[in-house]
Every structure is written in structure tokens, then in C-alpha cells.
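Q: I would like to learn how to read the side-chain packing of a protein model, one feature at a time. Could you take me through it slowly?

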Amino acid sequence: MGAYFDLDRTLEPAMLKGLFETELTVCLGRLIDEFHDPANDPHALVQRYRTHASAYDIAQRPGSAIELTDSHRDQLAQAGHDEHDIEWVACDLDRYCGKDSIDDETMALIAEGLGVEATPAVIGRMKSIHLQAQAEAHRLASHYLDDDVQAAFDQEDLLMQKRRGNGEALTFAAPTPAITQAPAIVIPAASNDISVLAEDTDCPFKRHHSARFSTVIPKIIELARLAGHWTRNLEQYERVLRTFAWITGDKPLGDYNHADVAAYKNALLRMPRDYKPAKDFGRPFEEVSKTFKVTDNARSINTVKRDLSYMSTAHDILAEDEWAPKAANTKALDFSKAKFGKHKKVSPKTARPVWTVPHMESLFSAPIWTGGGGHLHRLDARGRTEVYHDAAYWLPLLLYYTHATVNEIAGLRVDEVRIDDAVPNIVIKDNDIRAEDGFDGGEKNESRGRTLPLHGEILRLRFADYVRANQAEGHAALFPELYLNQARVGGHQFRNIAWCHMMDWIALHMEVPRNRTSGKAADMHSIRALGSSFYAKANAPDLMRADIMGHARTGTNALHYSKRMESHGMDQVLAEYRAFMADHIEIATRKLWPHPIHLLPLRHRSRTGKPKALAR
């Protein structure tokens, strides 16, 4: 009888405080250890801890919802998170920080150890306490790089002093966009318009301009855009220009020479693959570079070559004035002449492996296509029997049966799906859905603009009905849920809210293909590689394969004499290509039944939640 009454105890304030303090201390210590792991980027950890803190803060609230509401988004914005961070909070809440990140059995054991009956309410309360502690630990850890913390002898104790007071709001300072920051190396200011004749024989230019490189970055971007060199993704170009200024010390333009090209190239080669230079623009490069470790995580040669190509364009623009060479027909800074050892863009050691048809059959057996729960339960085999239609349902099918890229499919407009043509098709071209910097986008190159017939399986599963339902709602985008904000769009958004969980579903049922040398696993783009492998047969005309895949044609006949579209018309050519695809593509969806079109509320679409397989 005494034991019975002991078990009838409830969670008392002292117990709750003890649970909170213990979890906070343990979690904070673990997070601080992560800063000292050479494999981690400390500044990236700060960003991750910021969004995890907010995700845990939301997860600890009563109820099981793990989706951000409009109210949550407003609160996060007021706390200092930008749109990019808010989308990461949504992903963190879905993938890492929800209530299911804490095991019920563990909470029950702790309750029993405290002499408290482990009722569902008690377990729920204890989960909330642990999530609160983890939110606070992540918030404190996000301040670990603060100057006052780093200067303290007992850094963890000082962090503990930063804890929120009773009722104090969780806030973060809004980050300043990196691309707007000029390199902050302290150098005496120089006038932008002072230039003198280059009398010094060491100066390779006609005139020695004393304006620093950072001051002409806006000019370079503007002229490159007007000349058609850079029309989209201007943020990336600006980031490269500012990185060059930072590495080279942002010298007066007239002080640059060929040695700066080598210094820039070598600095890029030393940077880890996941290192973001913009976060350190306020510190001298020489100081920061001392922290770089020699690892296998170096930047790829192709990424370095890309940045050198951007700088070559910048040089050619400045060569019309500020960097006009003293010697005719020469380049004072020739970025195109940077030397590298032999390398291949893709080799067996670096290539991402391909999926197999059984892997795709396993994916298409998931509850998304066969029937499961609704929002965030789309991969729950224990759910109900509904089938909903959105990017989570259609995008993998379209990737499989068209072999297009993720962003090509994710960025389709509704009016680029021509259901009522003689041969139903999709048109892949530049459009405003994938626009960047005011220019329509989407085509990686000229060959990528193409018209593809829709496979019979896509039509059998009622894709036409989905297109018409989306059109009836007035959406311009075929998958509007992927474009609800400007922070993460298209394929990137799909990867975070759906594909990561689809990968987990496949892994529950089959071994995921992985490159043994590089460790790379098959991914979304590997579906396209599988599609291309369907045509690796002796009887497959290379011209048709190239047209379907969006590859450049090769050979004189294919390039100059094959004009079948003009001679026989679009309908006949599309019919021939549809037959060609049907002959070669292996069907992976024979067991799927077509279902009437059901659409979730827009913000709930394509958010699949984590996979849950039936117990064996």
C-alpha cells in the first residue's frame, strides 16, 4: 500500500527544476564540445544553434503540431530571424527538434526513478521540460563566439549568466546579408577618382588608379549585366568579387599585378569546401587563413575554376579603363592562365551513384502514393488511406518518367504543361517562376530548353486532373507550395521538406547506393542518371537521347541536317519521342492506382513528415 501511494506522486516544482537544470547543463556542454571539433565550422554552428533554439522553443508547447503557423512566423521575424532562418526553423522542427526527438520510454524510466507514475500527461510534461532545456542550451551556445564569452576564463559559467530572465522573449540579432559587406580590412581611405600616369615601371597599367578594388565592384556587376555576361545570380558574382578583395587586401587598383592571381587561386584551394568567406570579411585574411586545416574536405577544382572565370570577366571589364595594360595585347592579371594538376570533373571516385529500378519501386510503394495520413503523416504506414496530390506526389514521378532535373520540374508553370495537345507534353524553358535578379531563369544552357512528351504512366495517374485543379485555384506555379517565400525555393525547398524523408523511407527498406570512395549517396539527381541509363543500348539513337536529356547534339548530321521538327511537325516528333521513351523506360509504378485529386491547404502541401514503417 505504501508503494502504491508513492507511485501516486506528481511532478513537483523541485523535480521539474532539477530535470531542466540537468538537461540544460548536459546539452550545453555537448554543444560547446562541437565548437572544438576541427571538422565543424564554428560560425555555421552558431547559425544552426539559432534556428534549433527557436524550433525547440516551439516544439515544447502543448499539442502535437510541428508546423509553423503564420503567428509563429511573425514571432520568429520579430525575434530577429530572416526568411531564410524561418524556413530552416520549419525544417528543424520537422526533422530534428519535434517531440518525437525524445523517447517516451526514456521519460517513463526517469519518471519511475523519481517515484512518479508514468502517465501520458507526466511523460508529456517531462518532454516539454527537456525541450525547454534544449532550447535554452542552443540559445546560449549560439553566443559562444561572443567576444566577452571567449575572453572569459570560465566560458560556460558566463554563458549561464546570459540565461533568459523570467518572461524575457527569445531574441536574436538579425544577421546582416554577407553580400552587402565590403571587406573590412583597415586600410587608409583613398579617393575613388584620383589617378596618375603610371611612371613606376613596376605598375603594369597605363595609369595608376588609387581607388581600392572594393569601390569598383558595383561598376563591374553593372557593366557585366549590361554586356550580358552576368544576368542572374548576381549575389554569387558579388560574393566572389568581395572574396577576391578580402584575400588580396583590397589594395589600390594600381597596385595589383599577376602575383595576386596566384595568391587568390591558392587561397581558394586552401579553403574547406563548406567554408563561407563572407562571415570573416571583418578580419584580415592572413589571420583567418591560419585556422584552415588540411583535410579531404577541400574545395573542388571545378569550383575554384568557376571563381577564377568570374574574376577573368571582371578583369576584362576593368581592362577598358582602370586595368588597361601598359603593354598592348597583354593581360596584366590573367586569371585564365592559372595552373592546375590533371583532374576530371567527375570520376569513379567522385561520382554520385545511380538509383536502380527496385529502389524507385520501393519509393513509389510509400504511403504518399498508396495511402497514408495527411499533413506531416504522408510517409506514415500506420496512417489512414488518403492520397493527396502535390509536389511530394508528382515531382518524383516526373523526375523518373521525364529524366529532367529537379529545378526544371519544380519550377514549371501551369501553362507550361500542355495537357490538351495531340501529344500531352511539358515545355522546359526560362520563366518567371525561376527568375533571378529580374531575369527569367531555368535553362542551364541552350540545349536545356526543350519539349518533352508526358509518359503514359503520368497520364494514367491523373496528372491532367491535378494540372486543372491547380489552374482552377489560380496558381501560376505547377507546385506553388515550393514558392511560398523567397528564402528557399523550388528544388531546394522540396529537398528540405520532402526528399530528405523519402530518402529515409528508401533506407528503411533497401540499402541506399553509396560511392565507397567519396561516401556520396544516391540523391535526387541520381534519378536523372537512372533515366539516362535506360538509353544506354545499342539501338538507342544518340540524337533522341540527347534531345530528351537536354544534352548538346554531336556530329555534323545531328547538328546541321536533322531538322525533323521543321519538316514533320511538333505532333509527329513528340509522338515518336513518346514511343521511344515508352520502349526504353522500365515501369516502376504498375502497382499504383489512380486516385481522385485531393489538395491539402497550401502551406501543408508536400510536407511529408518522417517515415514510419509497419512493425515487422
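This is a predicted model: local features need pLDDT of at least 70, side-chain atom pairs count only at pLDDT 80 or more; totals for chains, interfaces and linings use all residues.

Q: How many of the residues count as buried, as a percentage?
A: Buried means under 20% relative accessible area, exposed means over 50%, and partly exposed lies in between (1.4 Å probe, protein chains only); of the 616 residues of the protein chain, 47% count as buried. Contact means heavy atoms within 4.5 Å, and among contacts between residues at least 6 apart in sequence, 74% join residues at least 24 apart.

Q: How is a pair of aromatic rings described?
A: The description uses the distance of the centres and the angle of the planes. Rings of Phe, Tyr and Trp (its six-membered ring) pair if their centres lie within 6.5 Å, and planes under 30 degrees apart count as stacked, over 60 as edge-to-face and the rest as tilted. There are 30 aromatic pairs in this structure. In one of them, Phe244 and Tyr264 are edge-to-face, with 5.2 Å centre to centre and 80 degrees between the planes. This pair links distant parts of the chain, since Phe244 belongs to helix H11 (residues 234–248) and Tyr264 to helix H12 (residues 258–270), 20 residues apart. Phe244 counts as buried because its relative accessibility is 0%, and Tyr264 counts as buried because its relative accessibility is 0%.

Q: Which type of pair do Trp394 and Tyr466 form?
A: Trp394 and Tyr466 form a tilted pair, at 6.0 Å centre to centre and 40 degrees between the planes. They too link distant parts of the chain, with Trp394 in helix H17 (residues 391–402) and Tyr466 in helix H20 (residues 463–472), 72 residues apart. Trp394 is buried at a relative accessible area of 0%, and Tyr466 is buried at 0% relative accessibility. Both belong to one aromatic cluster, formed by Phe364, Trp369, Tyr393, Trp394, Tyr400, Tyr401, Phe463, Tyr466, Phe479 and Phe534.

Q: How many residues of H17 are buried?
A: H17 is mostly covered, with 12 of its 12 residues buried; among them are Tyr393, Trp394, Tyr400 and Tyr401. At the start of H17, a side-chain oxygen of Asp390 reaches to within 3.1 Å of the backbone nitrogen of Ala392, and just after the helix His403 takes a positive phi of about 65 degrees.

Q: With which side chains does the side chain of Arg545 make a polar contact?
A: A polar contact is a pair of N or O atoms within 3.5 Å; within protein, one must be able to donate a hydrogen and the other to accept it, and residues adjacent in sequence count only if both atoms are side-chain atoms. Arg545, found in helix H23 (residues 542–549), makes such side-chain contacts with Asp542 (2.9 Å) and with His551 (3.1 Å). Arg545 counts as buried because its relative accessible area is 17%.

Q: Which residues line the largest cavity?
A: On a 1 Å grid over the protein atoms alone, a cavity is a set of points where a 1.4 Å probe fits but cannot get out, and lining residues have an atom within 4 Å of a point. Grid points are joined across faces, edges and corners, and a volume is the space filled by probe spheres set on the points. The search finds 1 cavity of 30 Å³ or more, and the largest cavity has a volume of about 70 Å³. Its lining includes Glu67, Arg73, Glu87, Gln493, Ile497 and Arg607.

Q: Where does Arg607 lie?
A: Arg607 lies in the segment after helix H26 (570–584), and it counts as buried because its relative accessibility is 5%. Arg607 and Arg378 are 229 residues apart in sequence and 7.8 Å apart in space, C-alpha to C-alpha.

How values were computed:
Residues are numbered from 1 along each chain as its sequence is written. Side-chain values use heavy atoms; hydrogens and water are left out. Helices (H or I, at least four residues) and strands (E, at least two) are DSSP runs, numbered from the N terminus. On a 1 Å grid over the protein atoms alone, a cavity is a set of points where a 1.4 Å probe fits but cannot get out, and a pocket is an open set with protein on both sides within 12 Å along at least five of seven lines; lining residues have an atom within 4 Å of a point.
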